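Student: I have a protein model open on my screen, and I would like to learn how to read it. Could you walk me through it one feature at a time?

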Amino acid sequence: QVQLVESGGGLVQAGGSLRLSCAASGSMTSIHAMGWYRQAPGKQRELVASITSGGNKNYADSVKGRFTISRDNAKNTVYLQMNSLKPEDTAVYYCNAGIVITTSMYDYWGQGTQVTVSS
């Protein structure tokens with residue numbers, strides 16, 4: 001059974017930094033794109049950043065220059081380094097991955113980790 005387990009959320013003051021991690025575990029053939037989404041209260045879930053298996057990255061305009069996504073394919077882990085955090089970054093952050101099991105690809109989500117930025 002494949003699982004995505006997130007860690008690294010918490011409470012930080014504006015201007016501070018946090019690093020989120022998400023590790024995929026279980027029986028899988030390969031992992032395609034991995035990414036981070038976030039959902040603030042009363043808002044829709046939105047893409048924050050994504051990275052392909054080859055390392056191509058994509059960022060939401062609101063986080064460009066402040067957040068960096070990376071992955072360690074050997075560890076099946078994706079990271080999100082968040083710097084210069086703002087109160088508007090407060091949300092539940094979810095990890096997402098496209099995981100291939102034998103010949104089919106499935107969309108997996110982590111349980112979410114809370115990030116709170118105080119002003």
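Student: Let me start with Asp89: is this residue buried or exposed?

Tutor: The general idea is a cut-off on relative accessible area: buried means under 20%, exposed means over 50%, and partly exposed is in between, using a 1.4 Å probe and protein chains only. Here Asp89 has a relative accessibility of 1%, so Asp89 counts as buried. Before we go on, please keep in mind that this is a predicted model, where local features need pLDDT of at least 70, side-chain atom pairs count only at pLDDT 80 or more, and totals for chains, interfaces and linings use all residues. Residues are numbered from 1 along each chain as its sequence is written, and side-chain values use heavy atoms, with hydrogens and water left out.

Student: Where is Asp89 found, and which residues is Asp89 in contact with?

Tutor: Asp89 is found in the loop between strand 8 and strand 9. For strands, we read DSSP runs: a strand is a run of E with at least two residues, a helix is a run of H or I with at least four, and both are numbered from the N terminus. Contact means heavy atoms within 4.5 Å. Leaving aside neighbours within four places in sequence, Asp89 is in contact with Arg38, Arg66, Phe67, Ser84, Val115 and Val117.

Student: Ser84 is on that list. What can I read from its phi?

Tutor: Ser84 has a positive phi of about 50°, although Ser84 is not a glycine. Ser84 lies in the loop between strand 8 and strand 9. With 41% relative accessibility, Ser84 counts as partly exposed.

Student: How many helices and strands does the chain have?

Tutor: Counting the DSSP runs gives zero helices and eleven strands. The radius of gyration of the chain is 14 Å, close to the 14 Å that the globule rule gives for 119 residues, so the chain is as compact as a globular protein of that length. That radius is taken over C-alpha atoms, and the globule rule is 2.2 Å times the number of residues to the power 0.38. Along its principal axes, the C-alpha trace spans about 45 × 25 × 25 Å. Buried residues make up 40% of the 119 residues.

Student: Which strands does strand 8 pair with?

Tutor: Two strands pair if DSSP finds at least two bridges between them. Strand 3 (residues 18-25) is joined to strand 8 by six bridges, and these two run antiparallel.

Student: How covered is strand 8, and what about Met82 in particular?

Tutor: Strand 8 (residues 77-82) is mostly covered, with five of its six residues buried. Met82 is buried, with a relative accessible area of 0%. Gly16 and Met82 are 66 residues apart in sequence, yet their C-alpha atoms are 8.3 Å apart in space.

Student: What should I look for in the hairpin of strand 7 and strand 8?

Tutor: Look at the turn: there are four residues between the strands, and Asn76 takes a positive phi near 55°. Asn76 is partly exposed, with a relative accessible area of 27%.

Student: How many residues are between strand 9 and strand 10 in their hairpin?

Tutor: That hairpin has two residues between its strands, and Thr102 in the turn has a positive phi of about 55°. Strand 9 (residues 91-101) and strand 10 (residues 104-109) run antiparallel and are joined by six bridges. Among the pairs, Ala97 has Tyr108 in strand 10 as its bridge partner.

Student: Where does Leu4 lie, and what does Leu4 touch?

Tutor: Leu4 lies in strand 1 (residues 3-7). Not counting residues up to four places away in sequence, Leu4 touches several residues, including Cys22, Cys95, Ala97 and Tyr108. The C-alpha atoms of Leu4 and Tyr108 are separated by 7.2 Å, although these residues are 104 apart along the chain. Leu4 is buried, with a relative accessible area of 5%.
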